[in-house]
Every structure is written in structure tokens, then in C-alpha cells.
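Trainee: Could we go through the aromatic rings and the enclosed space of this model together?
Mentor: Gladly, let's look at it first.

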Amino acid sequence: MKKYTIIFFFVTFLIGTDTFLIAPLLPTLSRYYQIPTSISGWLVSAYALGYACFALISGPFSDGRDRKKVIFWGLLAFALSTFLCGVSENFAMMIVFRLLAGVSASFVTPQVWASIPAVIKREHVVRATGYVTAGFAVSQLIGIPIGSYLAVFSWRTPFFVVSLCTLFLSVIALFLLPNLMAGQHTKQSIVSIYAGLFQNKKALWFLLAYFFFEMGIFSMTQFTGTWLSISYKLTVAGIGTAMLALGGGNLIGTLISHRITSRFGFKPVFLSELMIIAIFYIVLPLSSNLTVSIIMLALNFFVNGLIFPLLMVSMQQSAPTMRSTISAFSNAVMYLGTTIDGIVGGLLITHFPGFYGVSFFAAILTIIALIIFSSTDLLRQEKRIV
């Protein structure tokens with residue numbers, strides 16, 4: 001069990017790191033490609049767009065196939081596209097290869113969540129999911145510093161290093177992971193797979209609840225820096241330091257989630273954590289002290305870290321015969337929520353004082369998710385998976 005968890009941890013860590021390491025490189029790439037700073041943000045959007053669009057295809061493609069092979073070839077494509085980012089001589093090439101990196105990642109990450117229940121004993125699924133989720137949390141903590149330190153040699157170096165590490169990891173996955181053939185050996189068309197998904201009421205309820213929950217999280221995450229800058233006059237460096245604290249809270253939460261769940265039970269912990277998150281959102285904008293605000297944000301991210309592994313377990317329960325599809329589709333739902341947040345959140349933080357608009361909006365979304373989870377049977381099998 002341990003070796004599979006370690007492999008999946010490094011998969012999520014490398015993909016997460018590749019996502020975040022571009023941030024400190026944007027000013028350098030703007031100068032190198034001689035483009036306006038506003039356009040440099042397309043490098044981030046290209047990756048997200050590639051991931052979001054192909055997530056809808058990668059899930060059904062993988063169900064009915066050996067997930068081990070999908071992970072291997074996906075990592076190989078990810079390593080190649082990331083390497084090509086490092087040799088891109090013009091902005092158009094970089095956009096294309098960032099897009100392809102996102103496409104490749106969309107074939108890998110859903111397989112991780114779908115494979116955990118297949119290789120991990122049922123009683124350890126929550127623990128393993130927490131450890132694998134920690135890969136993303138760690139990448140958020142050190143992705144930006146890694147990009148900055150490696151870029152001291154050249155802006156190309158971070159891409160080459162991530163590419164080489166991913167190539168090495170793909171070989172390890174090929175030799176150490178067992179065959180991960182999906183439950184249904186007869187390959188189905190994407191249309192028929194999605195038809196089955198949309199007939200699964202449990203999966204649809206989960207996706208709806210997940211949509212509202214993720215919208216709440218990302219509305220907060222996207223505009224926390226803006227709030228800290230406007231209300232507390234923090235510099236970019238100060239905001240970066242604050243975000244490290246938040247990432248640390250999230251990491252700790254993912255690592256101890258299984259301990260709390262094993263002690264108090266899946267469903268009570270899950271619903272209680274959702275309620276606590278909503279309360280944090282309501283209380284947060286009432287603070288007028290920077291230290292208190294950072295502590296509250298860190299605690300909020302800590303509880304988010306606690307609940308994320310439970311969300312992944314619930315997701316796999318909702319559609320056990322199409323785990324890759326539900327994982328990939330949930331990623332697409334997440335990016336849809338992020339897109340909406342970018343529009344709505346910008347209006348809220350502009351037209352409401354402080355963080356009231358964004359924070360109360362996030363609280364309402366979380367309460368809606370809480371109502372859906374508590375009023376359906378999504379959490380009915382909690383004793384079987386703790």
C-alpha cells in the first residue's frame with residue numbers, strides 16, 4: 001500500500017508544481033517574448049483550458065482500460081510537453097505546449113483518484129487519499145519558490161527539471177504499479193458512458209454539491225490576496241508569505257483527516273466540517289486585524305484540507321463503475337466553478353466593502369452544498385471506507 005501511495009503522491013506533487021511554478025516566471029517570460037504583462041496570463045489560462053476541456057474526454061476514455069497504462073502514457077506526454085515549454089522560442093509555441101501540458105495532466109490526475117480504491121485496502125482509503133492530496137498541498141507551498149530558485153540559472157530550468165522528474169516517475173509507475181483494469185472490460189463510447197453517468201442520480205447529486213462547494217473555495221482563494229492588499233495594504237511579498245501560511249494549514253489538514261474520520265465517523269465529520277467552513281466564511285470579514293484574519297484563513301484552509309480527502313472518497317462511491325469519468329467530470333465542474341467565480345467574485349469585491357461580498361457568497365454556496373450532502377444518501381456507506 002505504501003509504495004502506491006508514494007507514487008500517487010509524487011504524481012499529484014509534480015502536476016501541481018508544474019501548475020504553480022509558472023507564476024514567478026511570468027515577468028521574465030513577458031520580457032523574453034516581448035509581450036504585455038496582461039497577455040502573459042494566457043500561459044496560466046492555456047494550461048487550465050487544456051485540462052478543463054480534455055477532462056471531459058479523458059475520463060470516459062480511461063474507463064474500460066488499464067489505468068496503469070493511461071497514467072504511464074499521460075505522464076510521458078506531460079514530461080514531453082513540459083520539456084517543449086522549456087525550449088519554446090516564441091510566445092505562440094509556449095501557449096501551445098502549456099495547453100498540451102494541461103491536456104496531458106487531465107489524463108493522469110483522474111486515474112490517481114480512480115486507482116486508490118483499487119490498490120488500497122478499504123479501511124485505509126481515507127488515509128491514502130489524504131496523503132495523495134497532500135501532494136497538491138505541498139506543491140502549492142513550494143511550487144512558486146521552486147520556480148523562483150531554479151529560474152536563477154535560466155527560466156528554462158524549471159521546465160527541464162519537472163520534465164526529467166516526471167519522466168523518471170513514469171518509469172517507476174510502469175514497473176511498480178499493478179495492472180489497473182477498470183471494472184468493465186468492454187470499451188464503451190464516450191456518449192454511452194456519459195449517458196450512464198447522467199442516469200446515475202447519486203453521481204449527479206454529488207457533482208452538484210461538489211460544484212457549489214468548489215465555487216465557495218475558489219471564490220475565497222482567488223480574491224484573498226486582493227482583500228489582503230486592499231484592506232491591509234500588504235505587498236506582493238507579504239501576500240506570498242500569508243499564502244504560505246494558508247497552504248501550511250491545508251497540508252496539515254490533509255495529513256490528519258483520516259485520524260479524525262476514524263475516531264468520529266465519516267458522515268458526522270464530513271457534515272461538521274462543511275458547517276465549520278461556512279461559519280468561517282461568515283465570521284472572517286468581521287475581523288479588522290491582520291493577524292486574526294491570517295489565523296482564521298489558515299484555520300479555514302486547515303478544515304478544507306480535512307474535508308478534501310472525504311470528498312474524493314464520496315466521489316468514488318457515487319459512481320464505482322466509472323471512477324475515471326466521475327473524477328474527470330468533477331475536475332471540469334471545478335474549472336467551470338472557477339470561471340464563474342472569476343466573474344462574480346470580481347463584482348462582489350468591487351461593490352461590497354472589505355471581504356463581505358465574496359465571503360458571504362462563499363458561505364451561501366457552502367451551505368447549499370451542506371444541504372445537498374445531508375439530504376441525500378451520498379454519505380450513507382461511511383462505515384465501509386473509513
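Mentor: Phe72 is buried, with a relative accessible area of 12%; buried means under 20%, exposed over 50%, and partly exposed in between (1.4 Å probe, protein chains only). This is a predicted model, where local features need pLDDT of at least 70, side-chain atom pairs count only at pLDDT 80 or more, and totals for chains, interfaces and linings use all residues. Residues are numbered from 1 along each chain as its sequence is written, and side-chain values use heavy atoms, without hydrogens and water.

Trainee: Is Trp73 buried or exposed?
Mentor: Its relative accessibility is 57%. The cut-off for that class is over 50%, so Trp73 counts as exposed.

Trainee: How are the rings of Phe9 and Phe13 arranged as a pair?
Mentor: Rings of Phe, Tyr and Trp (its six-membered ring) pair if their centres lie within 6.5 Å; planes under 30 degrees apart are stacked, over 60 edge-to-face, and the rest tilted. Here the centres are 6.3 Å apart and the planes at 5°, so the Phe9 and Phe13 pair is stacked.

Trainee: Which class does the pair of Phe72 and Trp73 fall into?
Mentor: Their centres are 5.1 Å apart. With 70° between the planes, the pair of Phe72 and Trp73 is edge-to-face.
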